[in-house]
Amino acid sequence: MKHSSSRAFFAYWNAKRGPARAPDRSEFEPSAVRELLADIFVLSYDGEAGYPFRVAGTRTSALLGCDLKGRSFSAMFSGASRREVDDIITCVAEETLPAIAGVTATTGSGAKAHLELLLLPFTARVHVPASLTGLLAPFEDDATALRDLTLTSWRYLHPPERFVPRALRKLAIARGFTVYEGLS
C-alpha cells in the first residue's frame, strides 16, 4: 500500500476483525477513523445493480463529481476495467479477501490523476444485505471531477495468519485423529 490513508484504514479493519477473516459491519465506529471518513465508502454487494454506493465520503463524492448514493460503482470504470472491478469485488465479498488497486483517471482538464483503491470485506450475516467497504485516495491534491477510471494494477491482500500455539496447530491438522504423546 502506497497511500497513508489506505494503510491506516487497513490497520483499523485488521484490528477490528480480530481472529476472524473479516469484521462485522456493526463493529466499525466512524469516530475511530474520523480523519479518513472523507475517502471511505460502503458498497452494496449487488452485481446486477453494479455494486451501488450505500454511502460515500465527501472527498470521494467530490472526486467523482456527484452525490454517489445509489450510483453504480462499476459504472465509474471504463472498458475492460469494469469487468475486472466486478471480479475483484466478487472475490473480496465472497472469499473475504481484501484487495488493493492502482487507478488512473482523467480530470476535467484532460490531465491524468493517480489514485489508490482499497476494498475490504465485512462478515456476511443472515438476513442482512451483503456489503463491503473501501477507500479511494488520490495521490494529487488537485484531482477533481474524475472520469474514465481505469485499473492499472491490483492484488489481493492475504491478512497475516494469527499466531496459533503449537498444540492447537497439531489439533487443527489432526481433524478427528488424536495423538496422545508420552504414553508407552
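This is a predicted model: local features need pLDDT of at least 70, side-chain atom pairs count only at pLDDT 80 or more; totals for chains, interfaces and linings use all residues.
Residues are numbered from 1 along each chain as its sequence is written, and side-chain values use heavy atoms, with hydrogens and water left out.

Stop 1: Select residues 99-106, which make up strand β3 (strands are DSSP E runs of at least two residues, helices H or I runs of at least four, numbered from the N terminus). Eight of its eight residues are buried, meaning under 20% relative accessible area, with exposed over 50% and partly exposed in between (1.4 Å probe, protein chains only). Ala99, Ala101, Val103 and Ala105 point one way, while Ile100, Gly102, Thr104 and Thr106 point the other.

**Stop 2: its partners.** Look for Gly102 opposite Glu116, then go to the hairpin turn, where Gly110 has a positive phi of about 95°. Now show β6, residues 147-156, which pairs antiparallel with β3 over seven bridges; here Thr104 stands opposite Thr150.

**Stop 3: salt bridges.** The whole structure has three, each a Lys or Arg side-chain nitrogen within 4 Å of an Asp or Glu carboxyl oxygen. Pick Asp39 and Arg59, which meet at 2.6 Å, N to O. This pair links the loop between α1 and β1 to helix α2, 20 residues apart. Asp39 is buried at 4% relative accessibility, whereas Arg59 is partly exposed at 31%.

Key: Two strands pair if DSSP finds at least two bridges between them.
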